[in-house]
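Biologist: I would like to learn how to read the features of a model like this one. Could you walk me through it?

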Amino acid sequence: MRAAYTYKYLSIVVAAIVMALSSTGCGEEPDFCEADIETVTLHVDDPEAYFYQSTDSMQVVLSTDTAIVIIVRGNADVTSLSPVFTLSPGATIAPASGSTHDFSNGPVMYTVTSQDKHWTRRYSVSIVPTTHTVSDTVRYDFEHFELETANQRYYTWHNALADGTLGNDWATANAGYRISMGSAQPMDYPTTPLLDGYDGAAVCLRTSDTGPFGAMANKRLAAGNLFLGTFDIAVAMSDHLHATRFGIPFTSKPDRFTGYYTFEPGATVQDFYGKPITGRTDSADVYAVFYRNHDAAGAEVVLYGDNVLSSSQIVAVANLGYVAPTTTWTAWDVEFVYREDIDEQLLANRGYSLAIVFSSSRRGGDFVGAIGSRLCIDKVRVICSHEE
């Protein structure tokens with residue numbers, strides 16, 4: 001009897017996923033249609049002189065990514081390089097994997113075609129010589145956003161770089177919300193732009209109902225979130241805490257974390273099962289974490305939803321703590337509290353990463369919070385010790 005019930009339940013969940021995905025449509029670059037670059041590897045004669053870290057020579061490409069950026073040392077020659085790709089089973093790529101190209105004039109475009117020839121996906125591959133952070137104040141103003149390129153279903157954000165180009169350091173879990181609410185319009189997603197922010201555009205994070213599919217999967221709400229890092233949709237259903245990969249390499253020592261916010265908690269906090277928790281008011285998260293991005297054995301380290309505030313790799317934390325409800329733009333200014341001294345050589349070699357995390361419900365990762373909680377963020381600054 002129990003086995004039959006489990007099979008029936010799994011059948012319902014699988015059907016719900018299929019319905020959610022099919023309702024989004026499949027264009028030239030559809031999700032999950034087996035025309036993906038899975039990894040990219042760059043082989044060079046002298047890796048230590050070329051890469052900041054040995055692990056930088058190989059990069060795993062998330063299924064939602066179409067812009068691949070490989071960071072190399074500032075004096076690296078990028079005029080004749082031959083990236084090697086692993087693809088979805090049976091897929092092909094043009095130009096060919098291992099072919100040689102000049103990356104000094106910008107990205108090279110690649111097209112991946114699925115085994116059945118029904119689907120194609122275009123990727124831009126950039127190999128970027130980088131020295132270090134160029135300013136003692138890193139600014140995030142959230143003025144640059146767009147609908148995601150594949151299906152135009154939800155918004156993504158870009159950060160302005162010192163050379164005038166745009167980066168892709170910010171991530172959200174909007175792609176996961178699409179699985180449960182495939183018919184949602186872009187402004188219905190948990191993380192959306194706010195045109196009238198503190199100064200220009202801002203970001204609005206809202207804890208949202210995930211509908212019937214969310215209830216079946218015991219994921220009844222989705223907290224609006226925004227973070228430095230990446231979101232891996234491929235593991236979102238099976239291991240949601242490891243879908244959020246927090247942090248980007250950072251080459252200055254951060255001292256203070258500042259910005260502006262508004263926060264309005266939703267009316268009723270609910271538990272994992274959707275039952276009201278009486279006497280509880282929802283709370284938001286606003287914090288930054290500075291950590292070593294390789295362990296003692298040289299293996300790459302990334303922080304996830306289950307250890308972003310507890311990992312032994314953490315060097316410093318700046319946490320606003322209690323986010324007081326307010327409907328007017330309110331400034332925060334939090335110092336980084338250090339647990340150990342900075343290794344200057346490691347810092348110069350991109351051996352540290354910075355994670356910034358915002359969430360409209362602090363316990364959203366446990367699917368606990370108040371639907372309707374709303375956190376808005378603008379003019380975020382990371383103030384560092386000195387200009388590099």
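Modeller: We will go feature by feature, with the general idea ahead of the case. Please keep in mind that this is a predicted model.

Biologist: Let's begin with cysteines. How many disulfides does the structure hold?

Modeller: A disulfide is a covalent bond between the sulfur atoms of two cysteines. The count here is zero.

Biologist: Now the charged residues. How many salt bridges does the structure hold?

Modeller: Side chains of opposite charge can pair when their charged atoms come close. The structure has eight salt bridges. One of them joins the side chains of K379 and D199, with 3.5 Å from N to O. That pair links distant parts of the chain: K379 sits in strand 28 (residues 374–384), whereas D199 is in the loop between strand 13 (191–194) and strand 14 (202–206), 180 residues apart. D199 is partly exposed, at 44% relative accessible area.

Biologist: What about R362 and D285, where does each lie?

Modeller: The side chains of R362 and D285 form a salt bridge of 2.9 Å, N to O. R362 is in the loop between strand 26 (352–359) and strand 27 (369–370), and D285 is in strand 22 (residues 285–292), so 77 residues separate these distant parts of the chain.

Biologist: Which residue does R292 meet in a salt bridge?

Modeller: R292 meets E340, at 3.2 Å from N to O. R292 lies in strand 22 and E340 in the loop between strand 25 (337–338) and helix 5 (344–348), so the pair ties together parts 48 residues apart in sequence. E340 is partly exposed, with a relative accessible area of 32%.

Biologist: On to the rings. How many aromatic pairs are there?

Modeller: The idea is to look at how far apart two ring centres are and at the angle between the planes. The count comes to 20 aromatic pairs. Among them are Y50 and F51, with centres 5.3 Å apart and planes at 65°, so this pair is edge-to-face. Both residues are buried, Y50 at 10% and F51 at 2%.

Biologist: How are the rings of W332 and F358 arranged?

Modeller: Their centres are 6.0 Å apart and their planes are at 65°, so this pair is edge-to-face. W332 belongs to strand 24 (residues 326–335) and F358 to strand 26, so the pair ties together parts 26 residues apart in sequence. W332 is buried at 3%, and F358 is buried at 0%. W332 and F358 also belong to a cluster linked by ring pairs, together with Y140, F142, W170, F257 and Y261.

Biologist: Which ring does the charged end of K253 sit over?

Modeller: That is the ring of Y338, with the charged end of K253 4.8 Å from the ring centre.

Biologist: And the backbone? Which residues does a cis peptide bond join?

Modeller: Most residues other than glycine have a negative phi, and most peptide bonds are trans. Here a cis peptide bond joins A94 and P95, with omega about -5°. P95 lies in the loop between strand 5 (92–94) and strand 6 (108–113). As for phi, K117 is not a glycine, yet its phi is positive, about 70°. K117 is in the loop between strand 6 and strand 7 (120–130), and is exposed at 54%.

Biologist: Is F367 buried or exposed?

Modeller: F367 is buried, at 10%. F367 has a positive phi too, about 60°, without being a glycine, and lies in the loop between strand 26 and strand 27.

Note on methods. Residues are numbered from 1 along each chain as its sequence is written. This is a predicted model: local features need pLDDT of at least 70, side-chain atom pairs count only at pLDDT 80 or more; totals for chains, interfaces and linings use all residues. Side-chain values use heavy atoms; hydrogens and water are left out. A disulfide is a pair of cysteine sulfur atoms within 2.5 Å. A salt bridge is a side-chain nitrogen of Lys or Arg within 4 Å of a carboxyl oxygen of Asp or Glu. Helices (H or I, at least four residues) and strands (E, at least two) are DSSP runs, numbered from the N terminus. Buried means under 20% relative accessible area, exposed over 50%, partly exposed in between (1.4 Å probe, protein chains only). Rings of Phe, Tyr and Trp (its six-membered ring) pair if their centres lie within 6.5 Å; planes under 30 degrees apart count as stacked, over 60 as edge-to-face and the rest as tilted. A charge sits over a ring if NZ of Lys or CZ of Arg is within 6 Å of the ring centre and within 35 degrees of the ring normal.
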